[in-house]
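Please read this briefing with the sequence and the coordinates at hand.

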Amino acid sequence: MSTKEVKRYGRGKNYKKICLIAPRHPESLWSMQTMVEILGAKTLMPNSALATLMALTPDDVNIEYVLYDENVSKIDFDLECDLVAITGATLHSERIHELCKMFREKGRPVALGGTYASIEADECKGLIDYHFIGEAEHIWPIFLRQWVNKKAEKVYEQVEHIDIKNSPAPDWSLINSNDYVNISVQTSRGCPNRCDFCDVIRHAGRVYRTKTVDQILVEVQSAHKIGARTIFFSDDNFLGNKQFTTELLSRLIQWNVAQTRPLSFSTQISVHVADDESLLKMFSDCRFSMLFLGVETVREASLKEVNKTQNLKHDIYERIKRISHFGVVPFLGLIVGFDNDDNSVFDDLYSFIKSTNSPIAGISLLNAPKYTPLYERLKKEGRIAGDSFSGEWQLHTNIIPKQMSIDELTRLYWDFFRRIYEPESFETRLEQWLKNIEYSNIAYNNKKGDIRQLWFGYRIFKHFIFKEKPEIRSLFFRTMKKTLTINPKLMRRFFTLITQYSHFYNFVNRQGSRSIDKSLPKGTTGCTPPVTRE
Ligand code: B12
Ligand code: SF4
């Protein structure tokens, strides 16, 4: 929340006040902070867990909510309230501990839920007054009724995964959509695959659970209504059930094409999306600008090593090029540090990125989150370097690599990252990527101009002219000219890519040198958060 607005549920005179808190993200590659700032927002997307808690409030309790997203505004620790409810993932753990202590010192009872409280439940003992483990849809209303009647328990646990058709649309009334680049809509939870390094299965399960298409359309429409320009479908894997995805896309296309101000979409998805051209055409028709893909590596042995064999079914080079043909940016999620990775893996990955003309890739060091099969295996092998977690997940790994020292791996990782984002390298890939687009839907061509898009355009120019160094400024103008020559209709895609480039370039050059400076002395127990995303 950027204001002191309050949302009331129930009716009557006496309201219990709950202060909802989303902790600040540690600086991370995935926060896309430079891009966020260029676009005049404060952070990437609002917290949907807290907005869901609000929507779960039953009619028979009188509750007044205030919301602080620390990524948007400072918390008022002196605000009078009856309860503080905090969310967060493992990467927020340090901040969660600080916040719980600070609020309890002020005499405020604290409730904690979310992935950290659920996965690392033991770490939260003694820290809080009310502990929520698992999904909130059933237990939050039970808690509220008991709490207002002073009968609340200390721990609420949702053991079975719920049917997410019972999850209400998040209540966004306490957010200002201009503070965010995307508004998120979750269509599913869980993932049918079982990659050894991923803790999604522990958190969300292997059964792929979806909302109904009608529910999702309502959420999309309400995001549109509060001013969203782009929606991020915050699923672990958007393609867990092809029939469902196809139906959803076809309804979304009908809706989006009818809008005077259509939306753009992006999501996380398995690479097998590329195996069906008719599905790819639908993503393009729907106006997906980007798909985050869990490619992980091009080494067959490494994929086998971590049980990500679903990526082996078809040629990954062809898969990525096919996605690009439809004008959708393949955002490559890559990982280094597998047992089968020697120091030549960086050249293999570089040539993959280059030959597929992929403009954008996010690289992670392999980590073994607790409770994953990878963690169990490496623990037995005595190769876990530490369990604590700093939040700077891309700066270190908790795995003792097989073919390199941690220091060598970290150094080569940042060298590789810098190499990918050298201006000339990016320029060639971007140009080739644009030239190879074979399909784009003309239904959106004659839509009305959107003042806010013009304002974004102004901010992008201002950034590249005044804030970037000459080398990047000149890259901006050169690549813009090339886009105009290749296809002026691709300007929007160009602006998205160049702002993302600016984020990666700045992050890698700033953070990379920092991380090498403080790279782990041999034998220390430095560690990272999990590196597990589709
Ligand atoms: C969207 C998303 C992102 C987005 C944006 C995140 C953001 N910062 O805004 C992007 C793609 C950028 C991203 C990035 C990363 N993410 Co992410 N992300 C997600 C994802 C897919 C959805 C989150 C979401 O909106 N969920 C919907 C809400 C409703 O679910 P929920 O938060 O779990 O809340 C429910 C319950 O937990 C509970 N609850 C939650 N809070 C509270 C509080 C109280 C008081 C109560 C009662 C209940 C409660 O109630 C809710 C309803 O049931 C989750 C996976 C997932 N399925 O949740 C991963 C996930 C949160 N990300 C994860 C990670 C690791 C990352 C990264 C570090 C990338 C990486 N290397 O994998 C980066 C970090 C970026 C950053 N600085 O924040 C992990 C965290 C793992 C962990 N152990 O904590 C998750 C769980 C996925 C995973 N296992 O890999 N992520
Ligand atoms: S890495 Fe992706 S595909 Fe693999 S289990 Fe996790 S969410 Fe599913």
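The notes below begin with conventions and then go topic by topic.

This is a predicted model, in which local features need pLDDT of at least 70 and side-chain atom pairs count only at pLDDT 80 or more, whereas totals for chains, interfaces and linings use all residues. Residues are numbered from 1 along each chain as its sequence is written, and chains are lettered from A and ligands numbered from 1 in the order in which they are written.

**Ligand shell**

- There are 45 residues around ligand 1, and Thr87, Ala89, Gly113, Gly114 and Ala136 come nearest; a residue is near a molecule if its C-beta atom, placed from the backbone, lies within 6 Å of it.
- Two or more residues of this shell come from each of α2 (48–55), β5 (110–112), α4 (115–119) and α6 (200–204), where helices (H or I, at least four residues) and strands (E, at least two) are DSSP runs numbered from the N terminus.
- The shell around ligand 1 divides into 22 nonpolar, 17 polar and 6 charged residues, with Ala, Val, Leu, Ile, Met, Phe, Trp, Tyr, Cys and Pro counted as nonpolar, Asp, Glu, Lys and Arg as charged, and the others, Gly among them, as polar.

**Nonpolar cores**

- The largest nonpolar core has 102 residues, of which Ile231 and Leu291 touch the most other members; such a core is a set of buried Ala, Val, Leu, Ile, Met, Phe, Trp, Tyr and Cys residues joined through C-beta atoms within 7 Å.
- Helix α18 (residues 491–517) gives the most to this core, contributing 9 residues.
- A second, separate core of 43 residues has Ala22, Leu53, Ala85 and Tyr156 among its members.
- Apart from neighbours within four places in sequence, Ile231 is in contact with Asn182, Ile183, Val185, Val220, Ala223, Leu263 and Phe265, contact being defined by C-beta atoms, placed from the backbone, that lie within 7 Å.

**Ile96 in helix α3**

- Ile96, in helix α3 (residues 93–105), is buried, with 27 other C-beta atoms within 10 Å; buried stands for 20 or more such atoms, exposed for 12 or fewer, and partly exposed for values in between, with C-beta atoms placed from the backbone.
- With neighbours within four places in sequence left aside, Ile96 is in contact with Pro23, Ile86, Gly88, Leu112 and Tyr116.
- Although Ile96 and Arg24 are 72 residues apart in sequence, their C-alpha atoms are 9.1 Å apart in space.

**Helices with a buried side**

- In helix α17 (residues 470–486), the buried residues are Leu475, Phe476, Thr479 and Thr483.
- Leu374, Tyr375 and Leu378 are buried in helix α13 (residues 373–380), and, since the buried residues of α13 fall within an arc of 95° seen down its axis, they line one face of the helix.

**Positive phi angles**

- Most residues other than glycine have a negative phi.
- Glu296, which is in strand β13 (residues 288–296), has a positive phi near 70° and counts as buried, with 24 C-beta neighbours inside 10 Å.
- Tyr371, in the loop between β15 (361–365) and α13, also has a positive phi near 70°, but counts as partly exposed, with 14 C-beta neighbours inside 10 Å.

How values were computed:
Contact = placed C-beta atoms within 7 Å. Arc of directions from axis to C-beta.
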